[in-house]
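Me: Could you take a close look at one part of this protein for me? I'd like the surroundings as well, with the cut-offs spelled out.

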Amino acid sequence: MPKAIVRVKFKAKLQRPAEKGEWTFLRLPTEASKRLPTRAMVSVEGTFGGVAFWTTLFPDGEGGHWMKVESALGKKAKVKPGDTVELEIAPMAKEPEPTVPPDFKKALAAAPPMAMETWNAITAKARRDWCFWIVSAKKEETRTKRKEVAIDKLSKGNRRPCCFDRSGMYDKSLAAPAAAKE
């Protein structure tokens, strides 16, 4: 029997982060997060202020989720920081392909053939994990090292980064930013 689609309706306040503040985000209410199939990253589709969209929700490190709101989506929905927006979301039936960072795409192209074979054989979710593991590095040297490690591991047939915490419970690199004071 096919699994029932979980549709989650809620309202959330659009906020700016305290640091690096031109973009916006929202935190899902606890009850909304609990209705999703995982406390880790989850790709969803639905409506944001009546506008159709899809995105990947991030774990907030506390068992819930948060969402980065692209400026184009905020403009289409005619919302600004401080506004409360209504959302209806459901987990996506098929995981979308991640946007591969240009520097990692270049490293993959120059890698041994086995790295590309492994990359092409893994799931979109696994490719997303590799990409997020690389971009979550805070320093450029760390990011460079992670690209090298990724290519080495993929060349050896490793399908997932060994130390990427998808739940955000142990590594706070995916956690929600602190909101700016109003």
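Reply: Quick ground rules before the details. This is a predicted model, where local features need pLDDT of at least 70 and side-chain atom pairs count only at pLDDT 80 or more, while totals for chains, interfaces and linings use all residues. Residues are numbered from 1 along each chain as its sequence is written, and side-chain values use heavy atoms, with hydrogens and water left out.

Of the 182 residues, 43% are buried, meaning under 20% relative accessible area, with exposed being over 50% and partly exposed in between (1.4 Å probe, protein chains only).

The fold has 6 helices and 6 strands, in the order β-β-α-β-β-β-α-β-α-α-α-α along the sequence. These are DSSP runs numbered from the N terminus: helices are H or I with at least four residues, strands are E with at least two.

Now to strand 3, residues 42-48. It is largely enclosed by the rest of the structure, because 5 of its 7 residues are buried. Strand 3 runs antiparallel to strand 4 (residues 51-59), with 7 bridges joining them; two strands pair if DSSP finds at least two bridges between them. Phe48 has Val51 as its bridge partner in strand 4. The two strands make a hairpin with 2 residues between them, and Gly49 in that turn has a positive phi of about 60 degrees. Strand 3 is also antiparallel to strand 6 (residues 84-91), through 5 bridges, and Glu45 sits opposite Ala90 there.

Phe48 turns up again in the largest nonpolar core, which has 22 residues; Phe10, Leu26, Phe48, Met67 and Ile89 have the most contacts inside it. Such a core is a set of buried Ala, Val, Leu, Ile, Met, Phe, Trp, Tyr and Cys residues joined through side-chain atoms within 4.5 Å. Strand 3 supplies at least two residues of this core, as do strand 1, strand 4, strand 5 (65-69), helix 2 (71-77) and strand 6. Leaving out residues up to four places away in sequence, Ile89 touches Val44, Glu45 and Gly46, among others including Val8, Phe53 and Leu57; a contact means heavy atoms within 4.5 Å. A second, separate core of 15 residues includes Trp119 and Trp133.
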